[in-house]
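Please look at the sequence and the model below before reading on.

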Amino acid sequence: EGISPEHVLMSGNTVVDALLDTLREPLPLPITVDPTRLLALVTLHRRESFGARAGGVFTALRHLAARNADVDFVYPVHPNPNVRRAAHTALDGISNVRLIEPLDYHGYVALMSRASLILTDSGGVQEEAPTLGVPILVLRNETERPEGVAAGCATLVGTDPRVIIRAASEVLDARRQRRPRVAPPNPFGDGCAAQRILHGIWRLCRPGSVAGERYVA
């Protein structure tokens, strides 16, 4: 962009700051969860996921639920009728798949914190889950957050049921067997982004500084 490196501050993402602030509050779970069972949290809401792609995800969830009777699959269903109708048609009546109403942020963070695995097409969740050390399967063919994939925090699985089932089974087997897992460092920040931004603005704009004269003018 033609900006000199000395005028670029890498702050990290303020979403991590907000998440860590939220985690300092009491976060009761929004639903009753059996502490002896694994929990897989699912979200699917992007328009590009409608139709056949969502159908592939729901096929994978049906197979995973049948193969993993000790896992609860919790899916806060988006209110868009294209999602809601398809989700209920495909998943209603499966004992270990719980279709629930959309959650507020605190409730969703509480469930993310409890989850053993997250399957999602959300961009924001790709930034938040690494802070919690929860593995993510990204239900998309590409992501605008490739840092998470490169760091090993997220895996792109698309919407092919075979790929989703294989990747989810690997994660669930590892969690079931309590294999030690070292969470990769979060590439999106450490919770100090806002502080770095504040200090950066102060350095750039304080009276008398060369940078300040340039930017204030």
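Leaving aside its neighbours within four places in sequence, F58 is in contact (heavy atoms within 4.5 Å) with L44, Y75, A86, A87, A90 and L91. The model is a predicted one, in which local features need pLDDT of at least 70 and side-chain atom pairs count only at pLDDT 80 or more, while totals for chains, interfaces and linings use all residues. Residues are numbered from 1 along each chain as its sequence is written, and side-chain values use heavy atoms, with hydrogens and water left out.

F58 is also one of the residues with the most contacts inside the largest nonpolar core, as are F73, Y75, L119 and I164. A nonpolar core is a set of buried (under 20% relative accessible area, 1.4 Å probe, protein chains only) Ala, Val, Leu, Ile, Met, Phe, Trp, Tyr and Cys residues joined through side-chain atoms within 4.5 Å. α2 gives the most, with 7 residues.

| Core | Residues in core | Among its residues |
|---|---|---|
| Largest nonpolar core | 31 residues | F58, F73, Y75, L119, I164 |
| Another core, apart from it | 19 residues | V109, I118, V125, V134 |

Across the protein, buried residues make up 42% of the 217 residues. There are 9 helices (DSSP H or I runs of at least four residues) and 6 strands (E runs of at least two). The C-alpha trace spans about 70 × 35 × 30 Å along its principal axes. Among contacts between residues at least 6 apart in sequence, 66% join residues at least 24 apart.

How values were computed:
Buried < 20%, exposed > 50% of the residue type's maximum accessible area, 1.4 Å probe, protein only.
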